[in-house]
Each structure stands twice: as structure tokens, then as C-alpha cells.
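Welcome, and thanks for taking a look at this one with me. Below are a few numbered notes to read alongside the model.

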Amino acid sequence: MSATLRLDALTKSFDGRANAVDAVSLTVEPGECLAILGPSGSGKSSVLRAIAGLDSPTSGRILVDGTDVAGVAPERRGMAMVFQRPLLFPHLSVLDNVAFAATVAGTPRGEAREDARQFLALVQLEGFGSRPVTALSGGQEQRVALARALAARPRVLLLDEPFSALDPELRADMHELLGQLRERLKPTVVMVTHDRDEAAIVADRVALLRTGRLLQHDTVERLYTRPASLDVARLMGGRIEVAGVVREGVHRSPLGSIEAPAGESWPEGESVLVVRHEAVHLASPPVPAPQGMTGVTAVVTARHARGPRAAIELAVGSATLAAEVPASRPLTIGQEVAAHIPRSACTVVTPVPG
């Protein structure tokens, strides 16, 4: 149930308009889970529909284990897809919904049902086979849809925001279930999501799209800590951007001089220092920074409640920093603190033109 999936300059346009997908190239290894992440209109679903065969690409190739399937009918691609809505057959029982693909393929009904039972057990719905699908909860419906897709034994499993309509607790349960299924079946998975947190939980690697272009294809950690551009940093929720200039491997700005982390080389010239706000430590009263950190004196300019956490905004001369602290920590607007920034958490990107 796994295959190598490769997109080679995949492009899709509609009615001669600007490309919804613009020459996207990437590889998903066997057993890997790729999350396609991006805002609305970024081309996420267009990529997934092209992979599934629901839309024909304008140009480019879709290769499964080296074979181009761009012109192959959807049902012959060895793929199965789970949508945001379960799309179960209301006139069939839970078991017959899961057995549907095998039955249509000509497998005897009894054999198809017996096979389907093992997949119901995998999604923790053992004993639900005789129930009508109209008697299921939303989370149970998605489990059945997932079991039906897996019962088709796809080489590539496609997930189109399948958990977005569920409440947070059910979504967490489905994330855990997907992890268990991946560990047991080792499927190749491509999942579309607009949720950074979901991508971080379920995926090995993330393809970040904007306006149809692939901005970065990388691990979740590197998207957060080593964004390829300012666009990537912003789309991943980055809140710290400090303009400056790099000279001899050192970024100079209102924060002072920050050296490139060991093993990294920063290009010379104008650049923007980016660092995750989660990495910034605040000390009050101000104390010297520990080894490996840059310390600056900052003034709290805003505080925003975020449930058990509080988002803090700080001014350092003309630069703005951000940090998070426990909601119970008594930091007030106008208070002077020390902001400690780990040099290993810093990177630089090219400033946006203009």
C-alpha cells in the first residue's frame, strides 16, 4: 500500500486564466505523509485533484513508481480519496460501504464483507458493520470513509481536509488514528490542509503553496525555523522580522550583531532576521543572556490573552519583537525586560522588493 509519487512541473490553469498550479515539482517517498499546506486559493485542492485524476493537468507529469498516470482514468491509478464530507452511501450498511470497492471489482459479496471487517477493526469500529450509516456520528462517518479508502488498498491515499468539519477533540482522535494506521499499513499519504498545527502533527514533510507556486517543500521543523523566504515565515505564523544587513557572516540591526549559527552561511547584503517568537525568552528583572544567546533590553508594548498563554509585543529601538509567556506571568505594558534570543534559532531571508 505504498508507492513513490513524483510531480514534475505540474501545471493547471482554468479557462486560460493565471495558473492555479504553477510548475509544482516534488517527490513523496513510499510510506511518507506529505501535507499540502497553504491559504485559500493557493492551489492545494487543484494539486490533489490532479493527482487523483479528477482534473487533467494543463502540463507536467504525475508519476507513480516512475509511471506517468496523468492520462490514466482515476479508478485505474491505484489511489483512494477521502473528502471533507464522508460521502457514504446512505442505502448501504457500514460494512457494505467499506466493502464497496471490492464488490464493484467483482469480489464475491461474502469475501468482500469479510475483508471489510478487518478495516473496520483498524479504524476502531469493530461491531458497527450492520448499522446504517445514518446512525453514525460525524467522527464515526469519517472513520468509515477512511476504512473504505484503505480497503481499496491504494498505492497512494489522498486526504482532502477530511477532519476540518470535526470539533477539536474528534480531530485530535482522528490525528491519532491516522498515525496508528500509518504505523501499521505504511501507506503513502498526501493530505491537503489549511491548518499549520494539523500539518505539524500528521505529516513527515510539508509542501507550502501560495498562488499556485511551491514556496518550500521541507520538514515541519525547517519550515518553522529555516524558512526559504519572508512569505514562508509569514505563512508559518512567524511574527518577528528585523531588517538589517549581513557583513562577514554577522547580521547587524537594532538588535545588535548576531552571528550565523555554526554550520550556516548567510549571504552578504540587506536581509531580514527571522526567529520564532516561541524561541524568545524574557527575563524580568533584566539579567545577562546565557551562553549561546543574544540579549537585548526591551520594553513591553502590548499584551494579548491567548488562553493559558499571553502574547507579548516588545520594542527594541526601532525593532519589534514578540514572545509568549504563561498567562499568569505579571508582565505589564511599559515594563523593561531582557529578551534572550538563541542564536541557533535565528536565520535570515531576502527582504521583499519595494
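**Notes on salt bridges and a helix pair**

1. The term stands for a side-chain nitrogen of Lys or Arg within 4 Å of a carboxyl oxygen of Asp or Glu. Asp218 is buried at 13% relative accessible area, while Arg222, at 41%, is partly exposed. Here buried means under 20% relative accessible area, exposed means over 50%, and partly exposed lies in between (1.4 Å probe, protein chains only).

2. A word on the background: this is a predicted model, in which local features need pLDDT of at least 70 and side-chain atom pairs count only at pLDDT 80 or more, while totals for chains, interfaces and linings use all residues. Residues are numbered from 1 along each chain as its sequence is written, and side-chain values use heavy atoms, leaving out hydrogens and water.

3. How many salt bridges does a search of the whole structure find? There are 16. Asp96, Arg109 and Arg113 are joined in a network of them.

4. Next, please find Arg171 and Asp195, whose salt bridge has its closest N and O atoms 3.5 Å apart. This pair links distant parts of the chain, 24 residues apart: Arg171 sits in helix α6 (residues 168-185), and Asp195 in the loop between β8 (188-193) and α7 (196-202). Both Arg171 and Asp195 are buried. Helices (H or I, at least four residues) and strands (E, at least two) are DSSP runs, numbered from the N terminus.

5. Glu324 and Arg239 form another salt bridge, with the closest N and O atoms 4.0 Å apart. They too link distant parts of the chain, being 85 residues apart: Glu324 is in strand β18 (residues 319-326), and Arg239 is in the loop between α9 (230-235) and β11 (241-247). Glu324 is partly exposed at 27% relative accessible area, and Arg239 is partly exposed at 34%.

6. Finally, look at helices α4 (residues 109-122) and α5 (residues 138-151), whose axes come within 9 Å and cross at roughly 130 degrees. Axes are lines fitted to C-alpha atoms, for helices over the stretch in contact, and angles run from 0 to 180 degrees between N-to-C directions. The two helices are therefore oblique to each other; angles under 35 degrees count as roughly parallel, over 145 as roughly antiparallel, 65 to 115 as roughly perpendicular and the rest as oblique. Asp115, Phe119 and Leu120 of α4 meet Ala147, Leu150 and Ala151 of α5 in the contact (heavy atoms within 4.5 Å).
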